Amino acid sequence: MRFAVFVTPFFNESAIRFIAALLDVPDLRLAVVSQDVEENLPEVLLGRLVKHFRVSNVQDTAELVAATRWIHANVAPVDRLLGVSEFVQVAVAEARDALGLPGPGAEVIRNFRDKPRMKDVFRAAGLPCARHHLAPNEDEARRFAAEVGFPLVAKPPAGVGSASTFVVKDAAELDRVLALSSPTPASPVMLEEFVRGAEHTFDAVVIGGKPVWYSISRYLPNPIEVVENPWIQWCVLLPRDISGPEFDPIRELGFRALSVLGLETGICHMEWFRQKDGRIVLSEVAARPGGAQLMNLNARAHDFDMYGQVARLIAFDTFEAPRERKYATGAAFLRGQAPGVVREVWGIEEAERKLGKLITDVKWPKVGEPRSASYEGEGYVLVRHPETEGVAEALREIVQLVRVISH
């Protein structure tokens, strides 16, 4: 019997799904460390935990180490310290190092969380990625802009997803970015070459440094366009067949990237571009499961328990990869057309009538709810079909039929 401690900031939908999956793993007992109150965790799960230990800040390594040591001394010896949230990964890795627990350590996790460091590792290994510069002052930022040219991408060095990422189109916009960020050596601004091309994901599992499973999907449109245009109802498409030669480059480069970043055992979510000339450019990679409903989309595409398998991976270093991808799947994200509160939602009935047989999961936006701060929006619809074009057509219809009216 193994005893693990799962670390999460809050009991949001994703955390609850992972806690439930971990509780179902055979021969595993589970405690949870969070900064949330127990009332936000479903009673059916809370009653199955060995312990819930509340801390003031799960990103405080010292506090996390102290909590784990208390559980180890007063509840049961701790075998694993787990965390899938991007926000806790560095603290969890530092705590593993301090406690001598297995799993990715801080040096590896910083390769994934520190974006300039990640790009430096890529370039040193000869992997294709955008040119970048961590500018400690305005002069350095302008020098990089003059060298690379506009547009550029400005982003936080350790951001999550596409949050706080935007395109800098000219010198005037760069001036505004620099005025807002006031870069210093202690708080630099990261600038990156703007890569043109279709953006995809590469979600993969490695065990002992060996490839075990992978999945590829396509963003429609690219996330940077979604962030810059909050009204866009965007989509993710998982083609049914990803075995063709057109994906050979990312299969090779994706697993190489994980190797040079140091991930021996775990799951990753990578974003990459295919340029018009066919060349592949790596963007960023996180040592965690993908967001944007990718866990559910892969579960539906392969007809298997994705959450359960990832739970086994992080707890026991095992993963039973599905033998085939049975379906193409996709997600359409429903977003209000203006800031404020959702006032009306148009087209639900017609979408259900026309596409109901293809819909596997749905969260319709609710009238009266505030506009979501997340780029995923107020709702989503997941669909699947044996053919990729069947999913692509369904996604087109959903974003055309359904309108979220907010003001």
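Met295, Asn296, Asn298 and Ala299 of helix H11 meet Met306, Tyr307 and Val310 of helix H12, contact meaning heavy atoms within 4.5 Å. The model is predicted; local features need pLDDT of at least 70 and side-chain atom pairs count only at pLDDT 80 or more, while totals for chains, interfaces and linings use all residues. Residues are numbered from 1 along each chain as its sequence is written, and side-chain values use heavy atoms, with hydrogens and water left out. H12 spans residues 306-316, and its axis and that of H11 come within 8 Å, crossing at roughly 110°. H11 is therefore roughly perpendicular to H12 (65 to 115 degrees; under 35 counts as roughly parallel, over 145 as roughly antiparallel and the rest as oblique). Axes are lines fitted to C-alpha atoms, for helices over the stretch in contact, with angles from 0 to 180 degrees between N-to-C directions; helices are DSSP runs (H or I) of at least four residues, numbered from the N terminus. By class, the contact of H11 with H12 has five nonpolar, two polar and no charged residues (Ala, Val, Leu, Ile, Met, Phe, Trp, Tyr, Cys and Pro count as nonpolar, Asp, Glu, Lys and Arg as charged, and the others, Gly among them, as polar).

One cavity of 30 Å³ or more is present, and the largest cavity has a volume of about 40 Å³. A cavity is a set of points on a 1 Å grid over the protein atoms alone where a 1.4 Å probe fits but cannot get out, and lining residues have an atom within 4 Å of a point. Asp203, Ile267, Pro289, Gly290, Leu294, Met295, Asn298 and Met306 line the largest cavity. H11 (residues 294-302) gives the most to this lining, with three residues. The lining comprises five nonpolar, two polar and one charged residues.

Two further helix pairs were examined. Helices H13 (residues 348-355) and H14 (residues 388-401) have axes that come within 9 Å and cross at roughly 165°, so H13 is roughly antiparallel to H14. Glu350, Ala351, Lys354 and Leu355 of H13 make the contact with Ala394, Glu397, Ile398 and Leu401 of H14; by class, five nonpolar, no polar and three charged residues take part.

Helices H4 (residues 89-99) and H5 (residues 106-113) pack at about 165° with axes 8 Å apart, and H4 is therefore roughly antiparallel to H5. Gln89, Val90, Ala93, Glu94 and Asp97 of H4 contact Ala106, Ile109, Arg110 and Arg113 of H5.

How values were computed
1 Å grid on protein atoms, 1.4 Å probe; cavity = no way out; pocket = protein on both sides within 12 Å on 5 of 7 lines; lining within 4 Å. Points joined across faces, edges and corners; volume = space filled by probe spheres on them. Helix = DSSP H or I, 4+ residues; strand = E, 2+ residues; numbered from the N terminus.
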